[in-house]
Amino acid sequence: MKSSAIAVSGLRKAYGDRTVLDGIDFEVAEGSVFSMLGPNGAGKTTTVNVLATLLKADSGTVHVAGHDVVTATRQVRAAIGVTGQFAAVDELLSGRENLQLMADLKRVRSGERVVERLLERFDLVESADKRISTYSGGMTRKLDLAMTLVGDPRIIFLDEPTTGLDPRSRRTMWGIVRELVADGTTIFLTTQYLDEADHLSDRVVVLDHGRLVAEGTPDELKRQVPGTHVRLRFADLDELDAAARVLGGGTRDDQELLLRVPSDGQSKSLRALLDRLDEYRLNAQEFSVHTPDLDDVFLALTGHAGEEAIAS
Ligand SMILES: Nc1ncnc2c1ncn2[C@@H]1O[C@H](COP(=O)(O)OP(=O)(O)OP(=O)(O)O)[C@@H](O)[C@H]1O
């Protein structure tokens with residue numbers, strides 16, 4: 001197993017008498033994408049702020065890049081980049097100037113070359129010399145992420161990085177996240193888009209009422225909720241009739257010649273199902289396993305629907 005980029009144990013945080021984080025534990029493997037999901041106000045930004053040394057926890061221990069966030073704040077800050085709801089972008093400067101300022105602050109060698117490369121990578125060359133106040137929301141977000149990458153941080157916190165982006169910019173961001181991870185960077189992501197968590201994450205945790213109510217790979221989480229089923233399409237109604245009798249318990253769509261049979265999606269049960277069809281010399285022309293998506297998981301775990309519930 002890879003070593004941990006982030007290790008959190010017994011993390012608690014309250015604002016007055018309102019407990020936001022009620023003792024949470026998790027680890028993030030180096031070079032992976034870890035997503036935290038949770039309804040509005042669940043404490044995701046609070047978690048990011050504690051991990052990024054911007055906020056002090058009430059209790060618990062947090063190690064980031066092997067350093068304690070309380071006793072080794074400077075070392076943690078040197079290893080991380082943070083982008084998100086508190087955009088660090090200066091509206092009065094151009095994109096290029098903002099990046100250059102960041103390169104100067106971080107004392108990056110060959111800063112100008114780094115700035116040029118980032119402008120190209122984020123598709124911002126044409127507007128590089130325009131003031132940020134003329135940028136669209138999506139361009140500002142891209143610049144914000146580009147600024148985070150100055151100095152090559154090993155661990156990056158992305159707090160809702162694609163909120164409000166058009167689909168093309170979202171894809172660009174996803175591509176960049178994948179490239180970063182391929183280079184060994186660790187990504188801690190919060191997002192209001194469950195399909196984003198599904199596409200990008202190695203592991204997902206769901207935060208609700210101050211506690212982690214689920215943790216696993218996207219596929220593991222999806223297997224926990226009811227709804228996984230096998231879809232079989234047959235050549236004609238006779239075959240469909242016969243299959244429905246043999247397999248029992250499914251729901252059918254006569255027009256589409258489809259049979260849906262509940263299943264846990266595991267290979268053993270799939271094999272048993274196919275063997276049974278074989279035994280009766282029945283052949284499905286199409287066969288697929290439908291697993292629920294993270295929206296189903298989120299709804300089952302928190303009682304809220306997906307996107308609007310975790311939007312900021
Ligand atoms: N400085 C503060 N003082 C008092 N309460 C706060 C403070 N910051 C956050 N809270 C409260 O703590 C809870 C968690 O907030 P947080 O921003 O961490 O949630 P979140 O999961 O990031 O939600 P969102 O997706 O809406 O940003 C919310 O109820 C919020 O109102």
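Predicted model: local features only at pLDDT ≥ 70, side-chain atom pairs only at ≥ 80, totals over all residues.
Reader: How is the protein chain divided into domains, and how many Å separate their centres?

Author: Domain 1 covers 4–223 and domain 2 covers 228–290. Their centres, taken over C-alpha atoms, are separated by 44 Å.

Reader: Okay, helices next. How do I read which side of one faces inward?

Author: Here's the general idea: an α-helix has 3.6 residues a turn, so residues three or four places apart point the same way. Now try helix α6, residues 167–182. Its 16 residues reach 23 Å from first C-alpha to last, close to the 22 Å expected at 1.5 Å a residue. Arg170, Met173, Val177 and Leu180 are buried in α6. They cover an arc of only 80 degrees around the axis, which puts them on the same side of α6.

Reader: Which elements do the buried residues of α6 pack against, and which exposed residues sit on the face turned away?

Author: The buried residues pack against β3 (33–37), α5 (137–149), β7 (155–159), β8 (186–190) and α7 (194–200). On the face turned away you'll find Pro167, Arg168, Gly175, Glu179 and Ala182, which are exposed. Just after α6, look at Gly184, which takes a positive phi of about 100 degrees.

Reader: Can you walk me through another helix, this time in α9?

Author: Helix α9 is residues 237–247, and its buried residues are Glu239, Leu240 and Ala243. They cover an arc of only 100 degrees around the axis, which puts them on the same side of α9. What covers them includes β11 (229–233), β12 (251–253), β13 (258–262) and α10 (267–279). The exposed residues Leu237, Asp238 and Arg245 are on the face turned away from that buried side. Just after α9, Gly248 takes a positive phi of about 60 degrees.

Reader: Now sheets. What is the strand order in the open sheet of four strands?

Author: A general point to begin with: in a regular strand the side chains alternate between the two faces of the sheet. In this open sheet, the order is β2-β1-β4-β5, with antiparallel pairing. β2 (18–29) and β5 (67–68) stand at the edges with a single partner strand each, so one side of each is left without a neighbour in the sheet.

Reader: How do I follow the pairing residue by residue?

Author: Trace the bridges. β1 and β4 pair in the antiparallel sense over five bridges, and Ile6 has Val64 in β4 as its bridge partner. Val64 also stands opposite His67 in β5. Strand β4 (residues 59–64) pairs with β5 in the antiparallel sense over two bridges; His63, for example, has Asp68 in β5 as its bridge partner.

Reader: What does Ala65 do in the hairpin of β4 and β5?

Author: That hairpin has two residues between the strands, and Ala65 takes a positive phi near 55 degrees there.

Reader: Which helix lies across β1, β2 and β4?

Author: That's helix α1 (residues 44–51), running at about 120 degrees to β1 (4–15).

Definitions and conventions: Residues numbered from 1 in each chain as written. Domains from an automatic or database assignment. Expected span 1.5 Å × (residues − 1). Buried ≥ 20, exposed ≤ 12 C-beta atoms within 10 Å, placed from the backbone. Arc of directions from axis to C-beta. Contact = placed C-beta atoms within 7 Å. Pairing = 2+ DSSP bridges. Axes fitted to C-alpha atoms, helices over the stretch in contact; angles between N-to-C directions.
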